[in-house]
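The sequence and the structure are shown first.

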Amino acid sequence: IASDFFQPCPERQQKGVMGFSGRISDPRKNAKLLFKAFRELQQRGIVRELHIAGPIDQTAIDLARSMGISESVIFLGNLSRDQLCNMYQSLEVFAITSFKEGLGISALEAMACGVPVVSTQCGGTEDFVKHGITGYISDFSSSQFADSVCQLLSDHNNYNKISAECTRTVKNNFSERKFSSALDEAWKAAWGESYLSQ
């Protein structure tokens with residue numbers, strides 16, 4: 001992750017915005033759970049908007065409309081790198097409702113920007129979304145997912161601690177600099193010299 005580029009906004013404000021970035025049309029992303037959890041959060045007065053970056057999908061638009069949340073679900077389309085960073089910085093929470101995930105690059109980019117993640121038990125994200133430390137892990141119940149978001153946003157001081165830990169986790173474990181260093185150590189072990197000197 002380019003943690004020198006994806007950084008927290010110095011003037012973060014609580015705006016009641018949850019976000020997602022990816023191919024919402026992919027059935028593995030579980031858009032129905034994302035929308036159901038958002039609707040519950042909206043009804044509780046916790047989150048007012050859901051911002052979705054990535055290819056716009058008519059089926060997802062129709063689903064949001066059928067659930068009565070279309071005016072509050074903002075489909076941003078494909079974003080440039082700068083726009084994506086700005087989007088992450090505008091969020092209070094990043095949501096992963098997938099049935100299955102690999103590494104989860106978008107979640108790590110959001111974390112680099114200081115945005116905690118609430119994720120389902122979907123595989124890859126569980127390597128870095130540590131419950132109560134960098135976010136929360138939920139099952140596939142929309143009510144529990146909404147509860148996890150509420151827990152995250154209910155304590156401002158704890159939120160700030162989690163946000164700071166998100167940024168540290170990415171810098172210390174998933175940054176380009178960390179990857180380069182780990183690759184160099186492996187290269188030295190295999191070939192006896194630094195790949196950086198090639």
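Buried here denotes a relative accessible area under 20%, exposed one over 50%, and partly exposed a value in between, with a 1.4 Å probe and protein chains only. Helices (H or I, at least four residues) and strands (E, at least two) are DSSP runs, numbered from the N terminus. The model is predicted: local features need pLDDT of at least 70, side-chain atom pairs count only at pLDDT 80 or more, and totals for chains, interfaces and linings use all residues. Residues are numbered from 1 along each chain as its sequence is written, and side-chain values use heavy atoms, with hydrogens and water left out.

The buried residues of α4 are Ser106, Ala107, Leu108, Glu109, Ala110, Met111 and Ala112. Their cover includes the strands β1 (17-21), β4 (93-96) and β5 (117-120), together with the helices α3 (81-89) and α6 (156-173). Contact means heavy atoms within 4.5 Å. After α4 comes Gly114, which has a positive phi, near 85°.

Strand β1 contains Ser21, a buried residue with a relative accessible area of 13%. Not counting residues up to four places away in sequence, Ser21 touches Ala53, Leu84, Tyr88, Phe94 and Ser106.

Elsewhere, helix α1 (residues 31-43) packs with helix α2 (residues 58-66) at an angle of about 30°, their axes lying 10 Å apart. Axes are lines fitted to C-alpha atoms, for helices over the stretch in contact, and angles run from 0 to 180 degrees between N-to-C directions. The crossing of α1 and α2 is right-handed; a crossing has this hand if the near helix is turned clockwise from the far one by less than a right angle, and is left-handed if anticlockwise. Ala31, Lys32 and Phe35 of α1 meet Ala60, Leu63 and Ala64 of α2. By class, this contact has five nonpolar, no polar and one charged residues. Ala, Val, Leu, Ile, Met, Phe, Trp, Tyr, Cys and Pro count as nonpolar, Asp, Glu, Lys and Arg as charged, and the others, Gly among them, as polar.

Helix α1 also packs with helix α5 (residues 142-153), at an angle of about 55° and with axes 8 Å apart. The crossing of α1 and α5 is right-handed. Leu33, Lys36, Ala37, Glu40 and Leu41 of α1 make the contact with Ser142, Ser143, Phe145, Ala146, Val149 and Cys150 of α5. By class, the contact of α1 with α5 has seven nonpolar, two polar and two charged residues.
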